[in-house]
2 protein chains.
Amino acid sequence: MGQSNPPFMSGVPELLCLQVIAQGETYGYDIVRRIRLLTGEAIVLGEGVVYPVLHSLERAGRLKARRRTVDGRSRVYYRLTAGGRKRAEALNERWQRVRAGMDMALSGGGDAALYVE
Amino acid sequence: MGQSNPPFMSGVPELLCLQVIAQGETYGYDIVRRIRLLTGEAIVLGEGVVYPVLHSLERAGRLKARRRTVDGRSRVYYRLTAGGRKRAEALNERWQRVRAGMDMALSGGGDAALYVE
DNA sequence: TTGGAATGCCTTGAACTGCGAGGTAATATA
DNA sequence: TATATTACCTCGCAGTTCAAGGCATTCCAA
């Protein structure tokens, strides 16, 4: 019955994961670290956010996973599929739209006294 | 113990309401309309979002409400308190920070220098 | 050598937000 | 007279994000 849209502000963790993976095959633990560094600590997503996102992306065919052992460390490496790249673009556009909307809303000076009609 | 931080991406509806009210005393129904117009339809918040935000802001002493009848219409007009102005600034800064973080993450093309520890 | 820190994966339960749907009532418009 | 618009409100769900934990391995310092 009640089919509701996702919150207008969602999909950001998903976008960030896709964006990181788009720059080269990586694994979950590293994605967590890179999002933190890439955003200058502005956005810090824990493993409890990232891993479920990764799994759902893989289930949706947007990521391809493969297990590799590097330096004696067993990791699950992810890379984008074509669908993943498309998804990243769609989310990016959605974000840019929201961002632009916020810019418009916030650029109107906050002081009513400035506006003498 | 069970104290969790709000989601990193929240507080945007609240910020938008404060921002609109900062431009002059208004009422809920109008705020809904103006957010839609201000953001170029990029962000459309329904009454089910706006009214609860207004009430919680008032409860927190960040808005002052007064009932007025204009053109035979009874409305609840809101204006910012000093606390409301401070809150708006804090949320604005938080947003700018997230926005900047996203900009960094999404502009990621080549600089590996970004994530050197 | 032993124990803590870091790496690396995972899930669970709860919190929180945002959302649609619905309800009421007055006024305007056709 | 009916229907649309204005204007207020609340309920309860749905989707997301979160902290907190658990597990196993490897690394390093005491």
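This is a predicted model: local features need pLDDT of at least 70, side-chain atom pairs count only at pLDDT 80 or more; totals for chains, interfaces and linings use all residues.
Residues are numbered from 1 along each chain as its sequence is written, chains are lettered from A and ligands numbered from 1 in the order in which they are written, and side-chain values use heavy atoms, with hydrogens and water left out.

**View 1. Chain B laid on chain A.** A turn of 180° with a shift of 0.0 Å along the axis places chain B on chain A with an RMSD of 0.1 Å. The two copies are thus related as by a two-fold rotation axis. For this comparison, copies are superposed by least squares on the C-alpha atoms of residues with pLDDT of at least 70 in both.

**View 2. The interface between chain B and chain A.** Here 32 residues of chain B are in contact with 34 residues of chain A (contact means heavy atoms within 4.5 Å). Of the interface residues of chain B, 88% are also interface residues in chain A, so the copies meet through the same surface. Together the chains bury about 3100 Å², with 69% of it on carbon and sulfur atoms; buried area is the accessible area (1.4 Å probe) that two parts lose on being put together, summed over both.

View 3. Look for the 2 salt bridges between chain B and chain A (a salt bridge is a side-chain nitrogen of Lys or Arg within 4 Å of a carboxyl oxygen of Asp or Glu). One joins the side chains of Arg99(B) and Asp103(A) at 2.6 Å, N to O. Asp103(B) and Arg99(A) also meet through their side chains, at 2.6 Å, N to O. That pair crosses between chains, from helix H4 of chain B to helix H4 (residues 82-107) of chain A. Between the two chains there are also 6 residue pairs in polar contact, both at pLDDT 80 or more (a polar contact is a pair of N or O atoms within 3.5 Å; within protein, one must be able to donate a hydrogen and the other to accept it, and residues adjacent in sequence count only if both atoms are side-chain atoms). On chain B, helix H1 (12-22) and helix H4 (82-107) each supply at least two residues of the side that touches chain A, and H4(B) gives the most, with 12 residues. Helices (H or I, at least four residues) and strands (E, at least two) are DSSP runs, numbered from the N terminus.

**View 4. The protein around DNA strand D.** Around DNA strand D there are 24 residues, and the closest are Tyr27(B), Tyr29(B), Glu47(B), Arg75(B) and Val76(B); a residue is near a strand if one of its heavy atoms lies within 4 Å of it. Sugar or phosphate holds 72% of the atoms of DNA strand D within 4 Å of the protein, and the rest belong to bases. A polar side-chain atom of His55(B) lies 3.0 Å from a phosphate oxygen of DNA strand D.

**View 5. The protein around DNA strand C.** Now 23 residues surround DNA strand C, with Tyr27(A), Tyr29(A), Glu47(A), Arg75(A) and Val76(A) the closest. Sugar and phosphate make up 69% of the atoms of DNA strand C that come within 4 Å of the protein.
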